[in-house]
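The following paragraphs lead the reader through the contact between two chains. They begin with helix packing and then turn to the interface and the salt bridges.

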There are 2 protein chains.
Amino acid sequence: MNQYKANIKITLRKGILDVQGKAVEHALHSIDFKSLTNVRIGKYVELIVEAENPQKAKEIVRSASEKLIANPIIEDFDITIYE
Amino acid sequence: MNQYKANIKITLRKGILDVQGKAVEHALHSIDFKSLTNVRIGKYVELIVEAENPQKAKEIVRSASEKLIANPIIEDFDITIYE
């Protein structure tokens, strides 16, 4: 068994209102960062996964993301495995 | 002025206890994802920045991250600018 580092970027699906992003954008404009727009806030998860190979590692992380880490109804996720 | 897409990965600094990560790890183990460990949960921010060039874009996003988007006392952040 090998250990791999995995990163998961979790973003709200297009069309889902990002209330937290809107609040941050508003706060940024109020302190004069008016050049920043379309702020969307997601999650960034780092973890270690033990698996036979990188393909199996990605499968495990995808399954865990679908079942628990992300909410597939409103979120997309993108997994990167590092050796 | 040009528009650039910026991504910011915000992670808790090493040594800062990640309570949310621990909770997710515990939940993963309870549904038999025992091969996943060292879960750390951060934020992933996407935004559009208007600037003269990519260097200026990164400067603006770095300044906004230090002042409002991240908490530099307990968090590290990593900015990527796309043309």
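Angles under 35 degrees count as roughly parallel, over 145 as roughly antiparallel, 65 to 115 as roughly perpendicular and the rest as oblique. The axes themselves are lines fitted to C-alpha atoms, for helices over the stretch in contact, and angles run from 0 to 180 degrees between N-to-C directions. Helices (H or I, at least four residues) and strands (E, at least two) are DSSP runs, numbered from the N terminus.

This is a predicted model, in which local features need pLDDT of at least 70, side-chain atom pairs count only at pLDDT 80 or more, and totals for chains, interfaces and linings use all residues. Residues are numbered from 1 along each chain as its sequence is written, chains are lettered from A and ligands numbered from 1 in the order in which they are written, and side-chain values use heavy atoms, with hydrogens and water left out.

Helix H2 (residues 54-69) of chain A meets helix H1 (residues 19-30) of chain B, their axes coming within 11 Å and crossing at roughly 105°. H2(A) and H1(B) are therefore roughly perpendicular to each other. Contact means heavy atoms within 4.5 Å; here A:Ala64, A:Leu68 and A:Ile69 of H2(A) and B:Val24, B:Ala27 and B:Leu28 of H1(B) make it. In the other pairing, H1(A) and helix H2 (residues 54-69) of chain B pack at about 105°, with axes 11 Å apart. The residues in contact are A:Val24, A:Ala27 and A:Leu28 of H1(A) and B:Ala64, B:Leu68 and B:Ile69 of H2(B).

Across the interface as a whole, 30 residues of chain A are in contact with 30 residues of chain B. The two chains bury about 2700 Å² between them, 71% of it on carbon and sulfur atoms; buried area is the accessible area (1.4 Å probe) that two parts lose on being put together, summed over both. A:Phe33, A:Tyr44 and A:Leu68 supply 21% of the area that chain A buries against chain B, more than any other three residues.

What does the rule find across this interface in the way of salt bridges? A salt bridge is a side-chain nitrogen of Lys or Arg within 4 Å of a carboxyl oxygen of Asp or Glu, and the rule finds zero between chain A and chain B. On the side of chain A that touches chain B, the largest share, 15 residues, comes from S2(A).

A:Arg13 forms one with A:Asp76, the closest N and O atoms being 3.7 Å apart. A:Arg13 lies in the loop between S1 and H1 of chain A and A:Asp76 in strand S3 (residues 75-82) of chain A, so the pair ties together parts that are 63 residues apart in sequence.
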